[in-house]
Amino acid sequence: MAEPIRKIIIAGGGTAGWMTAAALRTSLAQDVEILLIESEDIGTIGVGEATIPTIRLFNEHVGIDERSFIRATEATFKLGIEFQGWGHEGNRYFHPFGDYGGTHEGLAAHQIWRRLNLAGDHTPLEAYSVGTQMAYAGKFFPPNPDPRSPMHDYSYAFHFDAGLYARFLRQHCEQRGVRRLNAKIANVNLRGEDGYIDSLTLDDGRVETADLFIDCTGFRALLLGGALGVPFVDWSHYLPVDRAWAVPTAKAASPAIMPFTRSTAHEAGWQWRIPLQHRTGNGHVFSSSHISEQAALDTLMQNLDAPPLKDPMLIRFKTGHRQRFWEKNCVAVGLATGFLEPLESTSINFIQNAAIRLLELFPAKEIDPYLRDEYNLRNQASYDYVRDFIIAHYCLNSREGELWRHCANMPIPDDLQWKLELYRRRGEVLIRKFDHFHEPSWISIYHGHGLRAAAYDPLADRIPLETLSALMQRRREGIQRVVAQVPFHAEFIAKHCPSE
Ligand code: FAD
């Protein structure tokens, strides 16, 4: 029997460090020691407030009560993302966390929609998405588990204050036995015989050893990139944005806390608007090759809808990832693995997946190369598919401006080209294993950017047009009925998750 891991050090205490600590503490035997080292002097990146629905599975897995979480992190509900000006100037569409009507006799609703649409029915596809309709009405109510209900086929995520989430997780972890040190890691010491990490020297001279090291040191990637020298794979040629200005503003006037993130395209990037209970997060993500930092800041400040609460903060980043995510006895999680711009709020989901995958393939003290390589393959696949999902937003556009023209004409990955072609020909949506997004998400992006299938699934011809039309009308009316009945988002929060 291989010797088990007895002690783990997590280097870094941002969202990645504390989420990993919570996941490991929940699933590993209590006698496995977990030590988290973070430096309050260095601090955390301070952004990262929008999520996708899988965050709920994570919270559930580690035993976090949803209402306590919402209260502690000033969270709001998120039904999806509204895209303004993406595709072309003046365009508006919604990426909902939910379906456009499931299937009928094995036929996807979007195929039925296309058949009706080609026959002259101009009802927008969005009319069949309960999540979209609720979001546009500024309302929120959790889904109904009964598949016959029009309130069934959607999901939700959260917007939250990342600093408060890390604090909340820290308390949760410390109560369950995770030890924490506030110190700066001054040196990473490697073993002579095999180059594994042996220990970390802290700036006060203490030395901490462990069997397994988790690198959550953010963009610094102190262990994986720094000490172990795993190279960075640069993807800026696919996703050229490389900077963000971020600034919080005063909270939106109730009941106008919208249950969605807004992404507005600008001349050389895009602006996020993330409503929290106590304030609104804003940022302008841009390509420094296409606009100056000052002009990007001016764009952000001119497009705020409330007074700023702080000075704007500039964050520089490079799109891409470390060539390997697990090297020797070190696994990186979070920004230490790399970064894809926050357009689809995927980074926290990467953290969650990395932590859960590590548990699925958890090693003994002597690292099994098969487990390590499988871990690297799964994470690589995740990165590839999320990259392609984000590229789809850029390459399917007809906006003016140098950045947008570049993205519309740039060579794209073969797998994405294949996916686009399948959709263009017959509305076929290809989802790969380890993709973070399901079919409706891809449809919303294709459709929102104006991509239409040339033909629909011929199986739709076996059902009379009138039957399909009546079916879709029932769905649409069912959605209108329930959306009229559910409460406004702010009212729902006040009633179901009141402050203590
Ligand atoms: P950090 O927050 O940088 O934490 C690093 C930790 O390492 C800190 O505790 C630091 O003190 C510690 N550390 C570093 N060096 C040392 C040392 N020498 N000694 C001791 N400790 C050290 N993600 C989303 O999911 N949704 C979003 O909406 C979103 N928006 C984003 C917007 C922007 C502009 C950017 C850049 C990122 C965004 N992200 C978003 C990503 C998200 O912010 C991160 O994935 C998340 O915060 C995790 O960061 P981290 O913990 O890996 O790194």
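Predicted model: local features only at pLDDT ≥ 70, side-chain atom pairs only at ≥ 80, totals over all residues.

Mentor: Two residues are taken to be in contact when their C-beta atoms, placed from the backbone, lie within 7 Å. On one side, Thr-54, Ile-55 and Phe-58 of helix α2 make the contact, and they meet Ile-348, Asn-349 and Gln-352 of helix α9. Sorted by class, the residues of this contact between α2 and α9 are three nonpolar and three polar, with no charged residue among them. As for the geometry, α2 covers residues 54-61 and α9 covers residues 347-360, and their axes come within 10 Å and cross at roughly 40 degrees. Angles under 35 degrees would count as roughly parallel, whereas those of 65 to 115 degrees would count as roughly perpendicular; α2 and α9 are therefore oblique to each other. The handedness of the crossing of α2 and α9 is left-handed.

Turning to the strands, an open sheet is built from three of them in the order β14-β20-β23, and the pairing is antiparallel. Its edge strands, each of which pairs on one side only, are β14 (232-234) and β23 (338-339). Between β14 and strand β20, which spans residues 320-322, the antiparallel pairing runs over three bridges, and in this pairing Val-233 has His-321 of β20 as its bridge partner.

Another open sheet of three strands has the order β10-β11-β12, again with antiparallel pairing. Here the edge positions, with pairing on one side only, belong to β10 (185-190) and β12 (207-209), and the twist from one strand to the next averages 25 degrees. Strand β11, residues 197-202, is joined to β12 in the antiparallel sense by three bridges, and within that pairing Leu-200 stands opposite Glu-208 of β12.

Six residues from domain 1 and six residues from domain 2 take part in the contact, and on the side of domain 1 that touches domain 2 the classes are two nonpolar, two polar and two charged residues.

Methods. Residues numbered from 1 in each chain as written. Axes fitted to C-alpha atoms, helices over the stretch in contact; angles between N-to-C directions. Helix = DSSP H or I, 4+ residues; strand = E, 2+ residues; numbered from the N terminus. Parallel < 35°, antiparallel > 145°, perpendicular 65-115°, else oblique. Left-handed = near helix turned anticlockwise from the far one by under 90°. Nonpolar A, V, L, I, M, F, W, Y, C, P; charged D, E, K, R; others polar. Pairing = 2+ DSSP bridges.
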